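These are my notebook entries on a single model. I looked up a few side chains, a pair of strands and the open spaces.

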Amino acid sequence: LAPRLTGPALTLRTVELQVAAAVGNQDGLTELPTTVQSEILPTTQTWPRTSMAVSARPDDLGTERLFVLGQDSARAQYQLWAWIRLFPSITLPTFAAPSVGSEAVAPDDTSLLVTPADAVARYVDVLASREGSAYAADFAADPLRAAMADSFTKQTAIAAELAGTYTETYSAPEGALRSVRTADGGALVVAQID
């Protein structure tokens, strides 16, 4: 996997393959289509650099994937850094045409309302504190948070029945994010959250 994947994609695919080997089937492997319907290419002529692409619909008729790819040097192959299953009916922002390219956004870029690093930290706080977070109103509801909150409620109830407790913690490793400028001056931020 190492020549083709890196970062969170390498970690996740390694675990998926270990689970598949342990259970004797590949039902849990995320389908990663090799056909893309749109690309978000960088403007930079320096390295490392990031590109993104939206896949065609997978054969399993699940939702499209957003691929985040990195290239460490001019002669290095692109590696898949992350993939994200897009929520049903998601509308991605508009980006510059591939022939023009989209600007990479640094984690500490202050040209935005909130830096990408701060946006990720705030989302982590919302995951951990849910509606109790000071930032809860800054993020639209999403299916991931709803499913995680539902799971937390169920696990907490099960733990209470067993006279135990259930806790969850979230963290965003420093530097494990990629951001690209949107056509309207905002940014699409993708981050690893453990």
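**Entry 1: serine 51.** I listed the contacts of serine 51, taking contact as heavy atoms within 4.5 Å. Leaving out residues up to four places away in sequence, serine 51 touches Ile40, Leu41, Pro42, Phe67, Val68, Leu69 and Tyr78. The model is a predicted one, in which local features need pLDDT of at least 70, side-chain atom pairs count only at pLDDT 80 or more, and totals for chains, interfaces and linings use all residues. Residues are numbered from 1 along each chain as its sequence is written, and side-chain values use heavy atoms, with hydrogens and water left out.

I placed serine 51 in strand β2; strands (E, at least two residues) and helices (H or I, at least four) are DSSP runs numbered from the N terminus. Is serine 51 buried or exposed? Serine 51 counts as buried because its relative accessibility is 4%, where buried means under 20% relative accessible area, exposed over 50% and partly exposed in between (1.4 Å probe, protein chains only). Its side chain makes a polar contact of 3.5 Å with the side chain of tyrosine 78. I take a polar contact as a pair of N or O atoms within 3.5 Å; within protein, one must be able to donate a hydrogen and the other to accept it, and residues adjacent in sequence count only if both atoms are side-chain atoms. I also noted 6.1 Å between the C-alpha atoms of serine 51 and valine 68, which are 17 residues apart along the chain.

**Entry 2: serine 55.** Serine 55 is also in β2, which covers residues 49-55. I found serine 55 buried, at a relative accessible area of 0%. Beyond its neighbours within four places in sequence, serine 55 is in contact with Pro33, Thr35, Val36, Gln37, Glu64, Arg65 and Phe67.

**Entry 3: threonine 115.** I located threonine 115 in the loop between β4 and α2. Threonine 115 is buried, with a relative accessible area of 14%. A polar atom of its side chain lies 3.0 Å from the backbone nitrogen of aspartate 118.

**Entry 4: β5 and β6.** I found β5 and β6 paired in the antiparallel sense over five bridges; two strands pair if DSSP finds at least two bridges between them. Arginine 181 stands opposite alanine 187 in β6. Five residues lie between the strands of this hairpin, where glycine 185 takes a positive phi near 95°.

**Entry 5: pockets.** I searched a 1 Å grid over the protein atoms alone, a pocket being an open set of points where a 1.4 Å probe fits, with protein on both sides within 12 Å along at least five of seven lines; lining residues have an atom within 4 Å of a point. The largest pocket has a volume of about 1,900 Å³. Of its 47 lining residues, Tyr123, Val189, Val190, Ala191 and Ile193 are the closest to its centre. The most lining residues, six, come from α2.

The second largest pocket holds about 340 Å³ of space. Its 17 lining residues include Pro48, Arg49, Thr50, Leu177 and Arg178, the closest to its centre. β5 supplies the largest share of this lining, three residues. I took each volume as the space filled by probe spheres set on the grid points, which are joined across faces, edges and corners.
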